[in-house]
Amino acid sequence: MPETETDAIVEARREMEICNACRYCEGFCAVFPAMERRRAFAAADLNFLANLCHNCRACYHACQYAPPHEFGLNLPRTLADLRAETYAAHALPRPLAALFRRNGTVVAGGAAIAAALALIVTVLLVAPGRLFAAHVGPGAFYAVIPRAVLVGLAGAAFVAALVALGLATRDFWHATGGGPAGAAAARAATHDVLTLRNLGGGGHGCNDRGEAFSMTRRRLHHATFYGFLLCFAATCAATIAADVFGRPAPYPWLSVPVVLGTAGGVLLAIGTGGLAWLRVVEDRAPTAPGLLGADFALIGVLWALAVSGLLLLGFRTTAAMGTLLALHFGLVLAFFLLLPFSKMVHAPFRAAALLRHAQELRAR
Amino acid sequence: MTAPDRIWDVLVVGGGNAALCAAIAAREAGASVLLLEHAPRAFRGGNSRHTRNLRAMHAAPTAVLTEAYLEDEFWDDLLRVTGGETDEALARMTIRASAEALPWMAACGVHFQPSLTGTLSLSRTNAFFLGGGKALVNAHYAHAERLGVVVRYDSEVTRLALDGGAVREVFATSRGFPVTVRARTVVAASGGFQANIAWLRESWGEAADNFLIRGTPYAQGRVLRDLLAQGAEPVGDPTQCHAVAIDARAPRFDGGIATRLDCVPFGIVVDRDAKRFYDEGEDVWPKRYAIWGRLVAQRPGQIAWSITDSRAESLFMPSVFPPIRAETIGGLADALGLDPTALEATVRDYNAAVRPGEFDSGRLDFCRTEGLDPPKTHWARTIEAPPFTGYPLRPGITFTYLGLRVDAGARVQMQDRRPAENLFAAGEIMAGNILGRGYLAGFGMTIGTVFGRIAGREAARHARN
């Protein structure tokens with residue numbers, strides 16, 4: 001055993017070895033069938049299993065060895081701690097991995113600073129008569145912030161985020177022993193991602209607030225995930241409308257970008273608001289206290305993105321548009337720049353773990 | 001406790017599956033119900049906490065059970081394991097009622113696992129609780145409380161005052177304070193006495209001090225002993241308990257399933273003197289699992305060691321404790337605290353007696369020894385590939401057989417052959433009526449569920465008349 005192993009690895013191994021001698025939880029999620037395929041747990045195995053865990057907590061409440069039993073199993077908490085370590089371990093560029101320490105402060109503070117900066121710079125550079133005037137008609141937004149700035153900065157931040165996240169996920173994939181994936185495994189993993197099957201706790205939901213099963217968290221996560229995708233689709237539709245059909249924003253209420261964006265924004269705001277509420281009322285015993293900040297920060301940034309976008313839409317013909325645009329733009333930039341160093345990493349890492357699991361199931 | 005002068009319709013003593021089924025059934029029948037659980041909330045549920053499945057009759061495949069499992073086959077299985085130590089009428093009634101147990105439990109919020117992929121091949125006869133017994137217990141408590149059953153944890157019933165076959169008053173210690181409870185009827189569902197070492201010592205002597213208790217430490221048998229002393233009719237062998245060989249490093253209580261060891265058939269087992277004492281390959285492990293507890297209990301110091309080599313390690317389920325390993329047999333003996341010369345001699349004699357054969361861990365393979373006493377009749381393969389591994393074994397007590405005699409209405413029978421007036425029993429405290437000897441996987445939960453429901457229903461009816 002290498003001496004460099006962290007406490008989280010050592011504890012996860014101890015717990016997995018007990019779980020593997022019990023196996024009562026095998027009906028809950030993918031973690032247990034994946035565990036049963038192993039007799040020994042190397043660090044790479046544990047990092048994989050930690051990211052396969054969806055944190056539904058069913059295993060904690062069903063556990064005959066949960067505290068105060070002397071075996072003291074608390075798998076959801078232990079795997080959450082380990083997951084957070086994997087985010088930092090594979091973060092690229094390497095020096096920025098330190099951002100995963102005190103991640104709640106970093107992400108929340110970063111977003112606040114970026115939004116404030118965007119406002120300040122806008123106020124400094126845009127004449128008050130222009131900033132606080134009502135603009136209508138094609139190109140109205142660009143009267144406040146030039147199109148080259150909007151598209152250029154947001155685009156660059158988005159590409160940088162995608163590259164960093166992609167490289168980190170590739171690093172994680174290789175570190176946990178992943179190889180080329182077949183089409184069948186990819187299909188199964190995609191299904192698991194899109195349905196959040198493993199948040200179902202064997203089909204009955206999560207243990208958000210205690211011993212009772214509930215679908216609330218799964219539904220709120222769906223609202224967040226699909227809301228986010230709809231917002232992204234709205235952005236793509238707007239880009240196509242502007243660049244392919246030469247019709248600059250803003251678009252009418254019943255246009256494709258606005259319908260997609262409105263639906264996405266509402267879903268995202270409800271989903272993230274609900275997830276934050278759940279984190280407040282949840283049973284804290286099976287949660288990792290150190291990760292609460294990172295969760296709230298990501299949820300908060302997404303919520304602010306959704307709400308500022310909806311406000312911008314609602315007040316785009318008024319004098320408030322300029323300020324709202326600057327605020328929303330600042331949040332978008334912050335979200336992209338912080339993306340590879342926020343809890344958002346859970347999405348590609350978990351997808352990679354699901355793909356790895358689907359591969360393993362087909363290997364034999 | 002609630003208002004001290006309140007008279008409850010039904011008092012349920014105990015907090016496991018049978019007690020909860022009784023409490024729910026009584027409440028569904030309209031009775032006011034108080035349930036007193038000895039354990040604190042974190043350890044509630046008695047031995048049901050450690051269970052995993054329930055054996056159920058069914059005529060056709062269901063969502064959770066494959067094929068069919070009919071009354072006569074179920075009865076034959078029970079007859080075989082008990083060797084006739086059963087009551088056919090009660091047993092057949094239980095078997096028939098088991099068909100309705102699953103839908104009833106599901107309606108109580110208990111979830112079952114769709115199909116089982118693990119190492120046990122019980123998916124035809126037994127329905128598995130999703131997440132195991134603690135998840136079942138959680139669902140039961142939630143349902144009982146939703147219905148209005150009043151639950152008190154940390155509340156041990158110390159005495160039921162019987163007068164002419166009727167319970168008049170019940171004395172308990174609730175969170176450290178003595179209380180008196182008055183109820184029109186009482187359901188005793190407080191389990192056996194397997195965690196009461198002093199009581200086990202009465203039959204097993206000092207050997208009992210070396211027993212490990214696989215389940216709850218709260219199964220003290222206090223209510224059972226109290227009722228037997230007041231004239232309740234006993235059933236089942238008072239000296240016997242179900243015991244398996246488990247890892248000696250397990251906790252004294254509550255080690256549960258994870259302390260199980262399945263390595264015995266793939267090596268040899270030696271006692272404190274490094275000598276073999278029984279045929280390790282007599283039959284497939286599930287059938288021989290249960291005799292090894294008694295075998296180890298009868299060895300000096302109630303300890304034994306399973307010795308295997310590296311080829312055996314992947315043949316059995318991983319254990320919660322790592323094996324003790326060494327590169328030589330002598331080194332392993334040192335690590336285990338055995339005499340190296342003696343263990344080397346035992347392994348040498350065994351290796352010399354192994355006859356060639358086609359080893360197959362999945363069936364009776366007739367790979368055996370010749371001229372060895374005791375012989376090993378299956379899976380006999382030389383122990384020669386280092387590292388060598390050892391697991392220490394001790395008796396792990398699952399449950400005791402002594403209980404209260406009941407009739408088909410779950411009513412406790414008195415020694416004068418009359419039924420008690422307002423006292424009912426369910427679960428391990430009366431399982432000896434039906435399972436007087438041996439073990440049938442998941443059948444304890446069947447008895448608990450069936451008799452819990454009957455006891456609850458009958459108690460509610462009696463209380464309202």
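**Exercise 1. Find helix H11 of chain B and compare its span with the expected one.**

Solution. Helix H11 of chain B covers residues 443–464, which makes 22 residues, and its first and last C-alpha atoms are 32 Å apart. The expected value, at 1.5 Å a residue, is 32 Å, and the helix comes close to it. That expected span is 1.5 Å times one less than the number of residues. Helices here are DSSP runs of H or I with at least four residues, strands are runs of E with at least two, and both are numbered from the N terminus. Next, look at the cover: 19 of the 22 residues of H11(B) are buried. A residue is buried if 20 or more other C-beta atoms lie within 10 Å of its own, exposed if 12 or fewer, and partly exposed in between, with C-beta atoms placed from the backbone.

A word on the model before going on: it is predicted, so local features need pLDDT of at least 70 and side-chain atom pairs count only at pLDDT 80 or more, while totals for chains, interfaces and linings use all residues. Residues are numbered from 1 along each chain as its sequence is written, and chains are lettered from A and ligands numbered from 1 in the order in which they are written.

**Exercise 2. Describe the build of each chain, starting with its helices and strands.**

Solution. Begin with chain B, which has 11 helices and 18 strands. Its C-alpha atoms fill a box of roughly 75 × 50 × 40 Å along the principal axes. Of the residues of chain B, 54% are buried.

Now turn to chain A, with 14 helices and zero strands. Its radius of gyration is 22 Å, close to the 21 Å from the globule rule for 364 residues, so chain A is as compact as a globular protein of that length. The box for chain A is roughly 70 × 40 × 40 Å along the principal axes, and 45% of its residues are buried.

**Exercise 3. How many residues does each chain bring to the contact between A and B?**

Solution. Chain B brings 26 residues and chain A brings 25. Two residues are in contact if their C-beta atoms, placed from the backbone, lie within 7 Å. Sort the chain B side by class: 10 residues are nonpolar, 12 polar and four charged. Ala, Val, Leu, Ile, Met, Phe, Trp, Tyr, Cys and Pro count as nonpolar, Asp, Glu, Lys and Arg as charged, and the others, Gly among them, as polar.

**Exercise 4. Is B:Ile434 buried or exposed, and what does it touch?**

Solution. First place B:Ile434: it sits in the loop between strand S18 (419–425) and H11 of chain B. Then count: 30 other C-beta atoms lie within 10 Å, so B:Ile434 is buried. Finally, list its contacts beyond four places in sequence; among them are B:Thr86, B:Leu90 and B:Ile447.

**Exercise 5. Examine the hairpin of S6 and S7 in chain B.**

Solution. Strands S6 (residues 155–163) and S7 (residues 166–174) of chain B run antiparallel and are joined by eight bridges. Strands pair if DSSP finds at least two bridges between them. One bridge links B:Asp163 to B:Ala166. Two residues lie between the strands, and B:Gly164 in the turn has a positive phi of about 60°.

Notes
The radius of gyration is taken over C-alpha atoms; the globule rule is 2.2 Å times the number of residues to the power 0.38.
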